Amino acid sequence: MKDYGFKNHPYIPNSGPEVQKKMLDYLGLESLEDLHAEIPEELKLNRPLDLPKPYGSEYELRRAVEKLLSKNSTTKEYLSFLGAGCWQHYVPAICDEVNSRSEFLTAYAGEPYNDHGRFQTLFEYESLVAELLDMEVVNVPTFDWGQAAATSIRMASRMTGRGEALVVGTIDPDRLMIIENYCDPGVKINKLAYDEKTGMMDLGDLKANLSSNTAAVYFENPSFLGFLETNGSEISRLAHEAGAISIVGVDPSSLGVIEPPSAYGADIVCGDLQPLGMHMNYGGGQSGFISTRNEERFVMEFPSRLFGVAPTVVEGEYGFGDVAYERTSFGNLREKGKEYVGTQTALLGITAGVYLSTMGPKGMEELGQNIIQKSQYTIKALSGLKGVVGSRFDAFSFKEFVVDFNGTGKTVEEVNKALLLKGIFGGKDLSKAFPEMGQCALYCVTEIHMKEDIDRLVSAIKEIVEE
Amino acid sequence: MKRIIRKNRVRSFHQARWNEPIIFELGSAGERGILVPKAEEEIVEKVGNGFDSIPKGMGRSVPLKLPEINQKRVLMHYLRLSQETLGGNINIEIGQGTCTVKYNPVVNDKLAASEKMSELHPLQDTSTTQGILEIIHRTDLMMREISGMDHFSFQAAGGSQATMTMASIVRMYHRLRGEEEQRDEIITTVYSHPSDAAAPALKGYKIITIMADENGRPDYEAFKAAVSERTAAFVVANPEDTGIFNPRIKEFTDLVTAAGGLNCYDQANANGLYGVARAREAGFHMCYFNLHKSFGTPHGCGGPGSGAVGVISELRDFLPKPLVEFDGEKYFLDYDIKNSIGKVRAFIGTPQVVLKAYSWIMSLGAEGLYEVAKVASLNNVYLIKRLLKYKGLELPYREDVQRIEQARYTMEKIAKDTGFSSGDIARRVMDFGMHIWSSHHPFYIPDPLTLEPTETPSMEDLEEYVETLHHIFDEAYNNPEIIKSAPNNSTIHMVDESSMDDPDQWCPTWRVYEQKTKEE
């Protein structure tokens, strides 16, 4: 493989033959082949990798990748009503401006000095989300809602020394898979029944399942199926009575208008930051948060980093550092640390901080109000169509709702196929995940939907179901 | 005109220092950062103000105490804080060993910022996402060739999550073979990443850590004694975080395979191995790569990244679902994975990161990847020889064992002579716009420094780094005051961390700080 390689590559300054010779001479080596002396011959590949030929220039690369990307059709080209764990919200331009700066984008694990900005922005993100949630401690973000819920359950299990969690029956089956894998082995996950009419947790089933082995009760607001769980206080009370921790997963975009879970007894609150300034990125914008009160027994169970504020030796300066670092797997403990910590989704936390400080209390309130008005309008309009029920559950929905097509004689798959031809992404088909509901779909309406968009959806569905 | 003489041995530097308030101290009542669209009149006529439909007791009664700030001030705040952050593309980033902080080409971020990527919903009909699926599939095919594995999943969004994914596959594999109870141990090595121990521990395994022998390599005899019918898997990095490659790795993996266990390769240190050596030939059944390290995608202050998990064909059906597949005509998501561990992350991971990695590979090709491996190693070996010219700095274990892409040094002698720990030296390095990192805890090597140049720095960059470290070591002996007070030219001065481990004192959020420091 002598003389093999890509010389004078713009990303590799020392790929020039002259500089390489100079360095090799200094080292007393003949050629680049003398590097890797520690790797035995039988492990060496000793042939070129069989890879596609690279593009000859940045221009050709860009042209080719853009050509591939042009095969995608986006939610800007189609009118989309998809939600189900990833939601289309407006991303303020300022969010993109901040998180695309090389300083933040390419930083990693610097110290509280050279990365002071990274520490401060993440501390501020923690603090802003704490206000939104009315909680006291928020982690440097984890991977996504599912991970945040799974870790919350693990935290509860360690705190209580118990090995079972009861989770809401209307949970997203995908999210449940994340939780189940993460909690296996150690914590058994049991799904609770829900009221067919209202979607609410079946309190009788909860009571029947709570035991001295219950570490946590986990429910969501709004639920995966969009409606608000209004029995939160009672669920938390029952959980506490059994010595269990009450965990609530929450959509932060609702909290400008909806009561935070702290008000109905939640001990741990988790959820996804994606609605707060993250592009959907085909699911790559998800980012999880976990939040508790500032009690040592909670704080010491976080696996995540927690950035805290502290004085410096100079009066008037804010400094930052890691709160209770030793509990993490980065401390001295390795496998005896709490779960593990590593690269997760910090940049999305910073972005959520930019979003919340830009929106302010008024913006978050107006956002929530706007979403409610538009989703209520859509439900109403869809209910006017023959055979369509705009909201299957007799409950209040925030931005997502279950549209029932059972009365139309058409499957959701058929409806969605016909909508696609009209340039619309219909709601997520629930017929596989929730077969008990028959032909239902989960629709999502946010502030980005204008009246003309909603009216276009309604008339398209009307044509399809009434044809 | 006077000729401007620039002959400083080291850089004259001062990092931005804005002394910004905390965001809660900015703005005033009524200021707005952005306006939100309002519902049209016809909508309001039909459904009212929205608030009235919220069920009783569910409307927000807790005051929402977010700051109220005009947009310019918000932007100013964050731009200033960005200037107080030393991204890898700004400094000579050699000092974050094990992290492979290399150049993140700007073009890849521009491509990923395209609406054709950013505005895709993960549940769109796949007929409308053929472009991104094709990119993921192509990346899968290239990763197979780079590693020798047979199938990749890009669902894990970081290295530790990828290690957890591998440990989950190990558990499911033995469960289905009826050996789950019996095989309750996972073996790793002391210089593999802490997550290689921590993530399998989460999956319920007893962790056996193999210490290094006198050459700094995992002790073969100790390893042999540890492998048994209880071994579920071996999880290891090679080279380890010391930069030392274990040349007997195949003997290690053979022992585990013969005992019925699986071999899992943490390829976080793969940057010096492209086209040189692969997971398959070394006897591994699965591996993972950090796309945000080795494949040039940015670290984003700590994610989102991507931990690409590759497996041999016999383990394909254990991967998290769905997998991106191609049927000869179209790309699709295959949910029908019969022994799947389920899911580790929502949807299919972080596709925008995979896109950047694809673009990175396609700017290099096979010859480029080989060049990366060679130059990353060349830079490292060069840096070692240059740095060790300073008598106090040493390479633990044998100096004659060639390191691959990084090296863990020890400053034990400097610390003994001067009283300055590697932490003290690290604070001074900031004064020159650079960074050094000690090592993961615990410090098995006293006063460690772990440096990984990657293929990114030029000779000039390497020389500046060496000169700066030598200059600081000199200061440790001759000008101790300047180290004691460091950082002197950074954003802030030495932090008083005494509150960080004290529950009565620590302040993990602004509201806690406000409560605890309220003036009487």
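In this predicted model, the axes of helix H6 (residues 159-176) of chain B and helix H7 (residues 194-202) of chain B come within 8 Å and cross at roughly 50°. Axes here are lines fitted to C-alpha atoms, for helices over the stretch in contact, with angles running from 0 to 180 degrees between N-to-C directions. H6(B) and H7(B) are therefore oblique to each other, a class left over once angles under 35 degrees (roughly parallel), over 145 (roughly antiparallel) and 65 to 115 (roughly perpendicular) are set aside. The contact is made by B:Gly159, B:Ser160, B:Thr163, B:Met164 and B:Ala167 of H6(B) and by B:Ser195, B:Asp196, B:Ala199, B:Pro200 and B:Leu202 of H7(B). Residues count as in contact if their C-beta atoms, placed from the backbone, lie within 7 Å. By class, five nonpolar, four polar and one charged residues form this contact (nonpolar: Ala, Val, Leu, Ile, Met, Phe, Trp, Tyr, Cys and Pro; charged: Asp, Glu, Lys and Arg; polar: the others, Gly among them).

Chain A has 13 helices and 14 strands, which are DSSP runs numbered from the N terminus (helices H or I, at least four residues; strands E, at least two). The contact between the chains takes 176 residues from chain A and 181 residues from chain B. Helix H11 (residues 346-383) of chain A supplies the largest share of the chain A side, 24 residues.

Residues are numbered from 1 along each chain as its sequence is written, and chains are lettered from A and ligands numbered from 1 in the order in which they are written. Local features need pLDDT of at least 70 and side-chain atom pairs count only at pLDDT 80 or more, while totals for chains, interfaces and linings use all residues.

Key: Contact = placed C-beta atoms within 7 Å.
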